[in-house]
Amino acid sequence: MADARTDRDRPPSDDRPPASPLGAALLSVAASAVAIWPYTGVVEAGAWTVTAGMIVVVIAATGLIVRGAVRGRGRQPLSLLFQVLVAIPALTALLASETALLGLIPTKTTIDLVDIRLFQAFHEIVEGVAPIPATLTISTLLGIVFTVVAIFVDQLVSQRLILLTVLLVSVVGVVPMIISFGDANVPWFVLLAVLVLVLMRYGSRHDLRAPRNASPVVAVVAGGAAVAMAVVLAPVLPIAGAIPGSGPAIVVDANLRLGDDLRRPEGVPVLTLVTSSASAPYLRMATMSRFDGDVWRPDRSGLVPLSEGFGSADWGEDIKTVKVDTSIRVVGMSSSRLPVPYAPEKVSGATSGWRAMPDNRTVMSTTQDAAGQDYTVTSTLVQPTREQIRAATAGGAARAEVPKDLPPVIARTAAEVTRGKTSDYDRLIALQDWFRSQFTYSLETPVEDGFDGTGAEAVAKFLEVRSGYCVHFAGAFALMADTLGMPVRIVVGYLPGTATDQKRDGDTVYQIDSDQLHAWPEVHFEGIGWIPFEPTATLGVATDFAADSTGGGNEGTPEAPKPTATATTAPTSAPSATAKDPEAGAGGGGSLRAVDPTPVVLAVAGAVLVLLLPMLVRLAVRRRRIGRAGDGDAVAAWREIESTMIDLGVPVSSADSAREVAAALIADGRVDAGETAPIVTAIERASYARDAGRGPSLAAPLAGVIRSMRASVDSRSRTMALFVPRSLIPRRKG
């Protein structure tokens, strides 16, 4: 028996090669690529993809060279040190060579430049719309982030820390789906499942303590289950329907590509307000005046402290104005934007950290959240007379950034609708009236007719079909106004609220729900400022200024709607549920999207489930074997003992008999002789006796052996056995 144990304890070397540095390097490149891939959906391809790819290869190659040249305990720390030392000049050469010595060695100027770029990249992410442009600042940020990821992945793979490797890749890869609330990346989930199996096989194949005869059938089942579950689960991850009782968290995106989110009928309260005006105002959160032919993108301009206000007035002294105070409470929304009425002059009561964007009179923060805010906005209600605005020219501001090659139908239709009108205001009113009278509001038509987007071609189709929702109305109106030479932009925010029976300090409380998110166009008039229009059929309040004989007024505009609930009870133009910067949306620019936390929870659950699939499969196999052992199946009982030994890293050889293996376990103090005796007797009887049949139940002794073996190893071995069961990996038989 002593000789047999000596053979068992001697690491087999005939058919199991030691861990190859090249294999570890290739696997680290593959794992890093899997972690990076989802980011291509939220950041446009560009310099960052080249930088990330080159850095991953450089890190893996450095580890390969060092581990190939150095033996012993010191090679892992040395490989880490050299990877850091190589990564710094590599990043410098790729991203900031102009400030470095010899283009490689960073200087103080390099550090200062990187610091500035990281700060700018943060703002681009906060204010951007996915896919974010691949600017040099974004490339710098992602280059540094993925350098760290690549180093960690390479170190973990080379040390065969499979569980930590898969956990890191899963967490890094799922982040883009969480922060963008985009569609689940089904191929990525499949690839992640495959990576789990490949890493498990690599870690187990090079573990010299493990046996050579694990079941290939079980491994195939595990792999198939991993891939199948990823395919089945991933498509349902972005479910954004409200979960009763879960509590809303409204995410507002400057995103005109709303998709199915708009078709969610249920709304939840997000804001309450009281106002000194006769009725509730529209609330603005962001503006868009950049159109690339496919999507409208949010405006970007300098931020100033709220104490500095919103800049000089756009309107002249001859234009009548009224000061209005509006107190707003955020009750169900989380965002880096504060909804405010136009034109805000002062915001009081908000926590510190909020800043004003004077160019479009909005409020945002890079550090604060709108959730729970209670603040008061003092705004100016601009009230030109109809005669004054007719006499004014639509101008005095920069034209929107719009491609020159729009479909001809847009300009042709704009000219036809406005033919015979003598003032810019009358032309815009003609457009507004035409949309509201000749079009129908529908959330389904754009999907059924295949133009559910904000691109120029979608607008052309919308003008033909004459049915859509607010993003189509606002987008079409804006492009048509631009063809008439007018400065126009799209505003995203909320429709006026609905009056409730509640009072606050004697004033009526208005409630705004998540499904009152909206988009509308604004046109700039010289000497008056930005004037809103409401082209969306059946929604909001159409703009119509009063004649001078009535004393002036802005009755009917989105800033001063008539005191009616019409705008809030009609079909809405925006989706429901969760909170983000309106300019940090995913997939476009121009309207609002609301989702709830469900996609985040399910996306994380999907990654966790893929990570836990090996454990779940192994537990299912164990349960089945214990069940068969309960029926007296000795072979099933013994296979479970061998698999448990493999998982725990206990040496086992297929050349040893059951009695020899049991004797070694007893001698090592891992199990009790009384627990193994019934199983050894049963397996020998089943192996050598003719017509042996099945004996008594072996479930109890099998459970005892498993329990004793688990208690005989340390907690790390037990954890690895649970989450990375090596018995699922097929091995060549010796």
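I call a residue buried under 20% relative accessible area, exposed over 50% and partly exposed in between, using a 1.4 Å probe and protein chains only. With that settled, I looked up F439, which is buried because its relative accessible area is 4%.

**Ground rules**

The model is predicted, so I kept in mind that local features need pLDDT of at least 70, that side-chain atom pairs count only at pLDDT 80 or more, and that totals for chains, interfaces and linings use all residues. Residues are numbered from 1 along each chain as its sequence is written, and side-chain values use heavy atoms, with hydrogens and water left out.

**Aromatic rings**

I paired rings of Phe, Tyr and Trp (for Trp, the six-membered ring) if their centres lie within 6.5 Å; planes under 30 degrees apart are stacked, over 60 edge-to-face, and the rest tilted. How many aromatic pairs does this rule give? The count is 14.

I picked out Y39 and F146 from these: the ring centres are 5.1 Å apart and the planes sit at 80 degrees, so I noted the pair as edge-to-face. Y39 is in the loop between helix 2 (21–36) and helix 3 (47–69), while F146 is in helix 6 (residues 136–158), so to speak a link between distant parts of the chain, 107 residues apart. For the numbering, helices are DSSP runs of H or I with at least four residues, strands are runs of E with at least two, and both are numbered from the N terminus. Are Y39 and F146 buried or exposed? Both are buried.

Next came F439 again, this time with F435: their pair is tilted, at 5.0 Å centre to centre and 50 degrees between the planes. F435 is buried too, because its relative accessibility is 0%. I found F435 and F439 in one aromatic cluster with W434, F462, F473, F477 and F533.

I also checked R489, which lies over the face of W530 at 3.9 Å from the ring centre. My rule for a charge over a ring is NZ of Lys or CZ of Arg within 6 Å of the ring centre and within 35 degrees of the ring normal.

**Helix 12 and helix 15**

Packed helices get described by the angle and the distance between their axes. I took axes as lines fitted to C-alpha atoms, for helices over the stretch in contact, with angles from 0 to 180 degrees between N-to-C directions. Helix 12 (residues 424–438) and helix 15 (residues 470–483) pack at about 150 degrees, axes 11 Å apart. They are therefore roughly antiparallel (over 145 degrees; under 35 is roughly parallel, 65 to 115 roughly perpendicular, the rest oblique).

Which residues meet here? L428, L431, Q432, W434 and F435 in helix 12 meet F473, A476, F477, M480 and A481 in helix 15. Contact means heavy atoms within 4.5 Å.

**Helix 4 and helix 6**

The axes of helix 4 (residues 75–95) and helix 6 come within 11 Å and cross at roughly 165 degrees. That makes helix 4 roughly antiparallel to helix 6.

I followed G143, which lies in helix 6 and is buried at a relative accessible area of 3%. Leaving aside neighbours within four places in sequence, G143 is in contact with T51 and L91.

**One last check**

R201 lies in helix 8 (residues 186–205) and is partly exposed, at 35% relative accessibility. R201 and S727 are 526 residues apart in sequence, yet 9.8 Å apart in space, C-alpha to C-alpha.
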